[in-house]
Amino acid sequence: AVCNSGLMLQASSFACKVSLVVGITLLLHATVCAIQHREYLKAVEQPFTFPPLEIAGQCLVALVLGGWGVVGLQANFVPIRTTTHLAKQTIDSLDPPDFIHLNTRSLR
């Protein structure tokens, strides 16, 4: 069976967009949870030592989903064509002198 590459590209792009949105939403939710946890600790007068594992787990899942979404949505890279630029250079421009005197003071 032959796959329709355009359809697969659309599905992959949609999945990456959904992953990015879910990752950002999950990160915002983890932020709100962390703020509520800090307020709870202040109310019961306990010191803050580290965030709960649920919040840390949400942050890690959000990082993975958001990273996968961003990498999946990147555009195709364009090669850098340097051959025309390098063909115009001379040996003198490739090896600059060690010392250049700029003569910044005027002679009076």
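## About the model

The structure is a predicted model, in which local features need pLDDT of at least 70 and side-chain atom pairs count only at pLDDT 80 or more, while totals for chains, interfaces and linings use all residues. Residues are numbered from 1 along each chain as its sequence is written, and side-chain values use heavy atoms, with hydrogens and water left out.

## Overall fold

The protein chain has four helices and zero strands, giving the pattern α-α-α-α along the sequence. Helices here are DSSP runs of H or I with at least four residues, strands are runs of E with at least two, and both are numbered from the N terminus.

Of the 108 residues in the protein chain, 9% count as buried. Buried means under 20% relative accessible area, exposed means over 50%, and partly exposed is in between, using a 1.4 Å probe and protein chains only. The accessible surface of the protein chain is about 9900 Å², and 67% of that belongs to carbon and sulfur atoms; these areas come from the Shrake-Rupley method with a 1.4 Å probe, and for residues only the protein chains shown count as cover.

Contacts are worth a look too. Among those in the protein chain between residues at least 6 apart in sequence, 77% join residues at least 24 apart, where contact means heavy atoms within 4.5 Å.

Helix H2 covers residues 53–73, which is 21 residues, and it reaches 30 Å from first C-alpha to last, close to the 30 Å expected at 1.5 Å a residue. That expected span is 1.5 Å times one less than the number of residues in the helix.

The buried residues of H2 are Ile 55, Gln 58, Ala 62, Gly 66 and Gly 69. They cover an arc of only 60 degrees around the axis, so they are on the same side of H2; the arc is that of the directions from the helix axis to the C-beta atoms. As background, an α-helix has 3.6 residues a turn, so residues three or four places apart point the same way. On the face of H2 turned away from its buried side you will find the exposed residues Leu 53, Leu 60, Leu 63, Val 64 and Val 71.

Ser 19 lies in helix H1 and, at 6% relative accessibility, counts as buried. Setting aside residues up to four places away in sequence, Ser 19 touches Leu 65, Gly 66, Trp 68 and Gly 69.

Leu 20 is also placed in helix H1, and is partly exposed with a relative accessible area of 22%. Beyond its neighbours within four places in sequence, Leu 20 is in contact with Leu 65, Gly 66, Gly 69, Val 70 and Leu 73. Leu 20 and Leu 65 are 45 residues apart along the chain, yet their C-alpha atoms are separated by 6.2 Å. Another H1 residue to look at is Ile 24, partly exposed at 47%; Ile 24 and Ala 62 are 38 residues apart in sequence and 6.6 Å apart in space, C-alpha to C-alpha.

## The loop between H1 and H2

Glu 45 is found in the loop between helix H1 (5–43) and H2. Glu 45 has a positive phi of about 55 degrees although it is not a glycine, and at 72% relative accessibility it counts as exposed. For context, most residues other than glycine have a negative phi.

Phe 48 is in the loop between H1 and H2 as well, and is partly exposed with a relative accessible area of 35%. The charged end of Arg 38 sits over the ring of Phe 48, 4.4 Å from its centre; this label requires NZ of Lys or CZ of Arg within 6 Å of the ring centre and within 35 degrees of the ring normal. The C-alpha atoms of Phe 48 and Arg 38 are separated by 7.1 Å. Leaving aside neighbours within four places in sequence, Phe 48 is in contact with His 37, Arg 38 and Leu 41.
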